[in-house]
Amino acid sequence: MITENPIKRAKKVKYTEKSYRSWTEADIAAYRKRWPDGTPQRLVLELLLYTGLRRSDVVRVGWGNVRDGAIHITTQKSQHKTELHIPIHPELWRHLEPCPRKASTFLATTWGKDRSAKGSTNWVRDAAAEAGLPSDSSPHGLRHAACRRLAEAGCTPHEIQAITGHKNLKEIETYTKAVDKLRLAESAIARLANAPSQLANLDASQLKMLENLSAMALPSGIEPLSPP
């Protein structure tokens, strides 16, 4: 029966979170240039980009998951299973239509076998490397890119969550806040760039009014400086 809490002397454990690099639009363009329509390497890119699924889920998607123009799937992440209904983007549909209807999954190997999550990671990394992309270009980086694109399209965190199945909105909010910040910065610079032209378009009466307002705003007893 001790009277002192020994835990209070323990040092706090520091956790480091693993971060995945989000694919840029330049990365996506370079990859598409190297892997044209009809190649499985191109198909995996479009699936990851237009569904936002994790690698462990995207390798399981096939025609059996397609109903009423949407992909229906229950995610398999440990302790975070979520039912998702992802409408198929027209661009993604263009890549899915040629896929064999008898195949169990869209990303089956040339031998008709389903791909594993780990195997698909190495497969995408190799394809990205051949396209000249950085070595840290992973399938999960495309999930990040999907979130970024949805945020840039003006989607709310909850709308993005409905696509990606994230349980925690914190990560999604990172993308939306970054995009909002960029838009505000662009708006601020646009206003600054247009400011001189707006003043130049003022007529004589408006300029006189601004001059009077400026004089009224001066503290009592202070004369405006005369021009040199």
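The crossing of helices H6 and H7 is right-handed; a crossing is called left-handed if the near helix is turned anticlockwise from the far one by less than a right angle, and right-handed if clockwise. The axes of H6 (residues 139-152) and H7 (residues 157-164) come within 10 Å and cross at roughly 145°. This is a predicted model: local features need pLDDT of at least 70, side-chain atom pairs count only at pLDDT 80 or more, and totals for chains, interfaces and linings use all residues. Residues are numbered from 1 along each chain as its sequence is written, and side-chain values use heavy atoms, with hydrogens and water left out.

**Where H6 and H7 meet**

- Axes here are lines fitted to C-alpha atoms, for helices over the stretch in contact, and angles run from 0 to 180 degrees between N-to-C directions.
- From H6, the residues Arg-143, Cys-147, Leu-150 and Ala-151 take part. They meet Ile-160, Ile-163 and Thr-164 of H7. Contact means heavy atoms within 4.5 Å.
- The residues of this contact divide into 5 nonpolar, 1 polar and 1 charged. Ala, Val, Leu, Ile, Met, Phe, Trp, Tyr, Cys and Pro count as nonpolar, Asp, Glu, Lys and Arg as charged, and the others, Gly among them, as polar.

**The chain as a whole**

- The protein chain has 9 helices and 3 strands. Helices (H or I, at least four residues) and strands (E, at least two) are DSSP runs, numbered from the N terminus.
- Read from the N terminus, the elements run α-α-α-β-β-β-α-α-α-α-α-α.
- Of the 228 residues in the protein chain, 32% are buried. Buried means under 20% relative accessible area, exposed over 50%, and partly exposed in between (1.4 Å probe, protein chains only).
- Take the contacts in the protein chain with a separation of 6 or more: residues 24 or more positions apart account for 57% of them.

- H6 has 14 residues, which should span 20 Å at 1.5 Å a residue. Its end C-alpha atoms are 20 Å apart, so the two values agree. The expected span is 1.5 Å times one less than the number of residues.
- In H6, 10 of the 14 residues are buried, so the helix is largely enclosed by the rest of the structure. Among them are Pro-139, Gly-141, Leu-142 and His-144.
- Two residues of the H7 contact, Arg-143 and Cys-147, are also on the buried list of H6.
- Gly-154 follows H6 and has a positive phi, near 95°.
- Ser-135 sits in the loop between helix H5 (117-130) and H6. Ser-135 counts as exposed because its relative accessible area is 70%.
- Ser-135 and Arg-125 are 10 residues apart in sequence. Their C-alpha atoms are 7.2 Å apart in space.

**Helix H2**

- H2 covers residues 40-51, 12 residues in total. From first C-alpha to last, H2 reaches 16 Å, close to the 16 Å expected at 1.5 Å a residue.
- H2 is mostly covered, with 11 of its 12 residues buried. The buried residues include Arg-42, Glu-46 and Tyr-50.
- Gln-41 belongs to H2. Gln-41 counts as buried because its relative accessibility is 17%.
- Setting aside neighbours within four places in sequence, Gln-41 is in contact with Tyr-31, Trp-35, Trp-123 and Ala-127.

**Around strands S1 and S2**

- Asp-68 lies in the loop between strand S1 (66-67) and strand S2 (70-74).
- Asp-68 is not a glycine, yet its phi is positive, about 55°.
- At 82% relative accessibility, Asp-68 is exposed.
- Ile-71 has its place in S2. Ile-71 counts as buried because its relative accessibility is 1%.
- Ile-71 and His-85 are 14 residues apart along the chain, and their C-alpha atoms are separated by 5.6 Å.
- Not counting residues up to four places away in sequence, Ile-71 touches several residues, including Thr-51, Val-61, Leu-84, His-85 and Leu-92.

**Cysteines**

- A disulfide is a covalent bond between the sulfur atoms of two cysteines.
- The structure holds 0 disulfides, counted as pairs of cysteine sulfur atoms within 2.5 Å.
- Cys-99 is buried, at 10% relative accessibility. Cys-155 is partly exposed, at 23%.
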